[in-house]
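Hello,

My notes follow below it.

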Amino acid sequence: MEKAENPFADPGLPPHEHRIQDIDERAAKRSERTVALLFVVSMLATVGFIAAYVAIPVDKVVYIWPIGLTSALNFSLGLTLGVALFCIGAGAVHWARTLMSDEEVADERHPIEAEPEVKTKVLADFADGAKESGFGRRKLIRNTMFGALALVPLSGVVLLRDLGPLPENKLRTTGWKRGIRLVNQSTNLPLRPEDIAVGSLTFAKPEGLEEDDHDFNNKIAKDALMLVRLQPQDIKDKRELEWSHEGIVAFSKICTHVGCPVSLYEQQTHHVLCPCHQSTFDLADGARVIFGPAGHALPQLNITVKDGFLEAASGFEEPVGPSFWERG
Ligand code: FES
């Protein structure tokens, strides 16, 4: 029987077309300089990244069209790092497209496990490819590429500075100390005992801490306080009772897990819940943890009354907020 003709015969490779760089050494040199220029721009951008990181203040704001007002530091870091990475990529692509060999090669399918002679051939092809890429011959490209690749990781290294410095004593101190009045965080008015309603949380801050304070966010992150009125006979913890006033107790509002503001209060059980990971604290029992990942009870502020207003009888006796390694 006559063999049927294959309707999908392999058309073979199209004839190879030489690029201008393959036949004109001056064009090849121009491409080489373009690639090198891109790598040099990448190096300059990395240096610019480090300079911006060191020189631009964190709070400096600039107008950038069309974004509007934005952080000068973030904009500069993003721009310089973007340029550094883009130029490395563009340089590599331009090098591959214009100078590396573009001879079309057809390779037949073969079993997955290579024969020893195939492996030898692959290694030889690899060596040929490296030779044809001009990697060894085009020293300008090779050296600038190494320079760009060596410099760009420095951008990540300088960012490590943001891990420090260690907080040292800052986690142990707050704005609360003896004689500081409790001020309603919403109305900004000093709190009297009669302002603390049964069944709800009242949020307070130290008198003198104003929202236009340049460091307000950092301070309120440690000073935020919540007050609740309990029946004195419901308070199980002896120290909590001593530090309360007519059943009014004051605890740090900052969750001891990872620092979310604790805010959901359940009047019947005296439980307060952190919405982030559901740590639950018993406000009638020293705000000890009864559920969830928090590692410590909420710190209590010793309060008293003077001239009819609530005030701190002392500062916090333990660090507020997450259970950092400094805690004993
Ligand atoms: S931050 Fe409160 S439970 Fe995680």
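Two strands pair if DSSP finds at least two bridges between them. Helices (H or I, at least four residues) and strands (E, at least two) are DSSP runs, numbered from the N terminus.

This is a predicted model: local features need pLDDT of at least 70, side-chain atom pairs need 80 or more, and totals for chains, interfaces and linings use all residues. Residues count from 1 along each chain as its sequence is written, and side-chain values use heavy atoms, without hydrogens or water.

The sheet: β5 (residues 225-229) and β6 (residues 248-252) pair antiparallel over 5 bridges. Arginine 229 sits opposite isoleucine 248 in β6. Both strands belong to an open sheet of 5 strands, antiparallel, in the order β3-β4-β5-β6-β11. β3 (182-184) and β11 (300-301) are the edges; each has a single partner strand, so one side of each lacks a neighbour in the sheet.

The record: UniProt (unreviewed entry) annotates residues 222-312 as "domain: Rieske". Such annotations may be inferred rather than shown by experiment, and positions are in the numbering used here, with feature names shortened. Over residues 222-312 the chain is 8% helix and 36% strand, with the end C-alpha atoms 15 Å apart.

The helices: α2 (residues 25-55) packs on α5 (residues 139-151) at about 20°, axes 9 Å apart. Axes are lines fitted to C-alpha atoms over the stretch in contact, and angles run from 0 to 180 degrees between N-to-C directions. α2 and α5 are therefore roughly parallel (angles under 35 degrees). Their contact (heavy atoms within 4.5 Å) includes Phe39 and Met43 of α2 and Leu140 and Met145 of α5.

Best wishes

Methods:
Parallel < 35°, antiparallel > 145°, perpendicular 65-115°, else oblique.
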